[in-house]
Amino acid sequence: RKVFDVMFDKVGANSIYAKHDINNPKSGRAMQKAGMKFEGVLRQCAINNQGIVDCGRYSILKSER
């Protein structure tokens with residue numbers, strides 16, 4: 001949440017997004033706990049040690065924090 005403060009207050013961002021491998025749902029839960037909202041699944045959006053994977057995308061708007 002400190003990162004949100006810096007990005008919104010000092011950098012002037014209006015939105016912040018993050019993504020995670022959908023095979024790692026704990027990362028998505030961490031984003032939800034930080035106040036981010038699920039936007040959807042990006043198909044084959046990243047490569048990791050498991051190969052090409054789908055990603056869950058989360059975001060938060062300045063007005064939502």
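A disulfide (a pair of cysteine sulfur atoms within 2.5 Å) joins C45 to C55, with an S to S distance of 2.1 Å. The pair links distant parts of the chain, 10 residues apart: C45 belongs to strand β2 (residues 37-48) and C55 to strand β3 (residues 51-61). Helices (H or I, at least four residues) and strands (E, at least two) are DSSP runs, numbered from the N terminus. By the distance rule, the count comes to one disulfide. C45 is partly exposed because its relative accessibility is 25%, whereas C55, at 3%, is buried. Here buried means under 20% relative accessible area, exposed over 50%, and partly exposed in between (1.4 Å probe, protein chains only).

The model is predicted: local features need pLDDT of at least 70, side-chain atom pairs count only at pLDDT 80 or more, and totals for chains, interfaces and linings use all residues. Residues are numbered from 1 along each chain as its sequence is written, and side-chain values use heavy atoms, with hydrogens and water left out. The pLDDT (the predictor's confidence in each residue, from 0 to 100) averages 96 over the protein chain, and 100% of the residues score at least 70. Confidence is lowest in helix α1 (residues 2-11), with a mean of 95, and highest in β3, at 98.

Strand β3 also contains S59, which counts as buried at 9% relative accessibility. The side chains of S59 and E39 are joined by a polar contact of 2.6 Å. A polar contact is a pair of N or O atoms within 3.5 Å; within protein, one must be able to donate a hydrogen and the other to accept it, and residues adjacent in sequence count only if both atoms are side-chain atoms. Neighbours within four places in sequence aside, S59 is in contact (heavy atoms within 4.5 Å) with I16, Y17, M36, K37, E39 and E64.
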